[in-house]
Amino acid sequence: MRNDFRKKDDVTKRRSDSGTSRRRDGETARQSERGNWKQPNSENSLPPVQNPEVSQSVIFGVSPVFEALRSEKRKIDKIYVADGSNEQRLLQIVGLAREKHIPFTRIPRANLSKFVEFDANHQGVVAFVAAASYTDADELLDEISASDQPLCVVLDGVEDPRNLGAILRTVECAGVNGVFLPDRRAVGLNETVAKSSAGATEYVKVAKVTNLNRLIEDLKSRNIWVVGTSVDTDKSYVDWDWTQPTALVIGGEGKGLHRLVAENCDVLVKIPMSGQIESLNVSVATGVVLFEANRQRSVQVKSKK
């Protein structure tokens, strides 16, 4: 350990004294268990129109949605059903959604057309699904803690799906244990992410968390160092000992790390810039840091042989 870093024994004691563990948002959990049949009362209460390419994958039509519900190959986030529809198959979809605790909403039939391809026949039902499945956050934490040399990535508000896809591709190539995303104000696993990742979404374990600061405390309690990236520090990323159990925290495009997230990190590092622009693209920066960690760990392995 370099002299300018805190002694690990002191930090370990602080973490064990805190005994902090991540808690689930009880209200969110209860809402997700209910079926959530919302009946809009006016045009203003209708769900916001989204572009499927930048939000979620879309399945439409009675048979495709029904079979997706039955197969469980991909997680269905929500379903929109045409208001006033009483067809038997649509009622079966509603019943199955309720049984599986998948939120569904009745909206005017004309509004469903906004979520599908031009002139496509949605048959009164549209389902939104993740392009890849998420890993349970607690299970991923346990797996990371049990690995020989933990290394994970925490993303604080990355919003561009192509950036997230590129990051996941780098994460897979660098041998990272997993990635944590906030469940709000950040892009999730959609088809654009999957395409940009060049298939990495099939291999990288990604978990969503309600509160990044609670996650950071949980990582600390497991003796994993939390290292954030920021231009507001003098410490270079090459001056951190990446052979230690480490969680790399990367901020979103333009804004960087949120203040509390930065304050809760054990240490902040930066990539020194030689040009006039003060920072790299978030996916490029992630790659630079992760492959420095990869280099240091490779050197350590070779030195032990």
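**Close-up views of helix packing in a predicted model**

**View 1. Crossing of helices α3 and α4.** The axes of helix α3 (residues 62–71) and helix α4 (residues 88–99) come within 10 Å and cross at roughly 25°; axes are lines fitted to C-alpha atoms over the stretch in contact, with angles from 0 to 180 degrees between N-to-C directions. Helices (H or I, at least four residues) and strands (E, at least two) are DSSP runs numbered from the N terminus. The two helices α3 and α4 are therefore roughly parallel (angles under 35 degrees). This is a predicted model, in which local features need pLDDT of at least 70 and side-chain atom pairs count only at pLDDT 80 or more, whereas totals for chains, interfaces and linings use all residues. Residues are numbered from 1 along each chain as its sequence is written, and side-chain values use heavy atoms, with hydrogens and water left out.

**View 2. Residues joining α3 and α4.** From α3, Val62, Ser63, Val65, Phe66, Leu69 and Arg70 meet Arg89, Leu90, Gln92, Ile93, Leu96 and Ala97 of α4 (contact: heavy atoms within 4.5 Å).

**View 3. Helix α7 and its surroundings.** Helix α7 (residues 161–174) has 14 residues and spans 20 Å from its first C-alpha to its last, close to the 20 Å expected at 1.5 Å a residue (1.5 Å times one less than the number of residues). Its buried residues include Pro161, Leu164, Ile167, Leu168 and Val171 (buried: under 20% relative accessible area, 1.4 Å probe, protein chains only). The buried residues of α7 pack against β6 (151–156), β7 (178–182), α8 (191–196), β8 (206–209) and α11 (282–304).

**View 4. The protein as context.** The protein holds 11 helices and 11 strands, and 46% of its 305 residues count as buried.

Methods
Angles under 35 degrees count as roughly parallel, over 145 as roughly antiparallel, 65 to 115 as roughly perpendicular and the rest as oblique. Buried means under 20% relative accessible area, exposed over 50%, partly exposed in between (1.4 Å probe, protein chains only).
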